[in-house]
Amino acid sequence: MQETVQATQQEALAAIAAATDDAALEALRIEYFGKKGRFRAFFQEMGKLSPEEKAQAGQYINAARTAIEEALTARKEAFKASQFADLDQKEWLDVTAPGTRETHLGRGRLHPLTQIQYEVEDIFRSMGFNVFDGPQVEDDFHNFGALNIPADHPARDMQDTFWLTNGRLLRTHTSSVQVRAMHAHKPPLRGISPGRVFRYEATDASHENTFYQVEGLMVDKNISVANLIYVMKVLLREIFQKDVEVRLRPGFFPFVEPGFELDISCLICGGGGCPVCKHEGWVELLPCGAVHPNVLRNCGIDPTEYSGFAFGMGLNRLVMMRYGIDDIRHFQSGNLEFLEQF
Ligand code: FA5
């Protein structure tokens, strides 16, 4: 029996030395020490021996077992060490290598509306304004009621609305976020809210049913139209990179009093008159005004103490003016030839 045990030990050590991975070592462990393993058989045979032989057999069987177990452990350790030894070779990567044709997917870019939105946000942040966000699916109160447009008021027809079957609506303007901002923050308050708005309108070269606006709002003590004009002039100078003259004409919106249409001097002809400005020298840019006392009251702000201004600018039209784009429908056309120009 001793010879068999020693032969088994030699065989096991050779197999361990030849093993190439952890799985092979585990298979050998089971072969020798598992429930039906070869050492189990040796111990069973040992039971049949005389007491003296048994004592002797116990020694050489245990010695063989220890030798094999040590070899298994040592080989396992060696595998672990070699796993990391050539890591720099196996996982080497040249981060400075240029891309290949197969891996180059083409560079993405921001949509021109997003680009101008970010620009406008930066300009207003530099003047201490916050950027507010609000839901595109709105309720009647935030889109109309709080803005001094009660149900059945004719001003509702100024903005044709997509009504949802649950009584909610797709916001027709970003003025709804004014209301949310005034409820959430007490004056002094300075904020803009850029975002997507929806109108139930037929489309043409200058009208979309889905477009983008940026709302602006400032509420504090003694805010007047002079503050509004100053902020507008800073915005336009930064966007168009030159001083732009502005003028105000009366305009009606139920949520401002007085309300205005803000015109800018025509950037194409410099104010001298051309087909773009219909030879007037002025181009209509955005509606604005002093926040109506009823709106302040609806938002929990005392109009005898505070006043404010608000404006709502169409971002699509701003981009169109900047780049001379002649049709608003390009923006949502998905036409890459158009988009890749920006
Ligand atoms: C409003 O939406 C008001 N909430 C703006 C406002 C805010 C006034 C605060 C006073 C105080 P209006 O419907 O005129 O107003 O839209 C504002 C701008 O959105 C327009 O000047 C225009 O640039 C843009 N706009 C309006 N309708 C469309 C449309 N169908 N397609 C593209 N742009 C549009």
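The structure holds 10 aromatic pairs, where rings of Phe, Tyr and Trp (its six-membered ring) pair if their centres lie within 6.5 Å. Before we look at some of them, a word on the ground rules: this is a predicted model, in which local features need pLDDT of at least 70 and side-chain atom pairs count only at pLDDT 80 or more, while totals for chains, interfaces and linings use all residues. Residues are numbered from 1 along each chain as its sequence is written, and side-chain values use heavy atoms, with hydrogens and water left out.

A pair of aromatic rings is described by the distance of the centres and the angle of the planes. Planes under 30 degrees apart count as stacked, those over 60 as edge-to-face, and the rest as tilted. Start with Phe-253 and Phe-255: their ring centres are 5.7 Å apart and their planes stand at 45°, so this pair is tilted. Both Phe-253 and Phe-255 are buried; here buried means under 20% relative accessible area, exposed means over 50%, and partly exposed is in between (1.4 Å probe, protein chains only).

Now move along to Tyr-323 and Phe-342. Their ring centres lie 5.0 Å apart with the planes at 65°, so the pair is edge-to-face. Tyr-323 lies in helix H11 (residues 315-323) and Phe-342 in the segment after helix H12 (336-339), so the pair ties together parts that are 19 residues apart in sequence. Helices (H or I, at least four residues) and strands (E, at least two) are DSSP runs, numbered from the N terminus. Tyr-323 is partly exposed, with a relative accessible area of 40%, whereas Phe-342 is buried, at 18%. Ring pairs also link Tyr-323 and Phe-342 with Phe-331 and Phe-338 into a cluster.

Next, take a look at strand S7 (residues 256-265), which is mostly covered, with eight of its 10 residues buried. Strands pair if DSSP finds at least two bridges between them. S7 pairs with strand S6 (residues 246-250) in the antiparallel sense over five bridges, and the two form a hairpin with five residues between them. Within this pairing, Arg-247 has Asp-263 in S7 as its bridge partner. S7 is also joined to strand S8 (residues 282-291) by eight bridges, again antiparallel, and Leu-262 stands opposite Leu-286 in S8.
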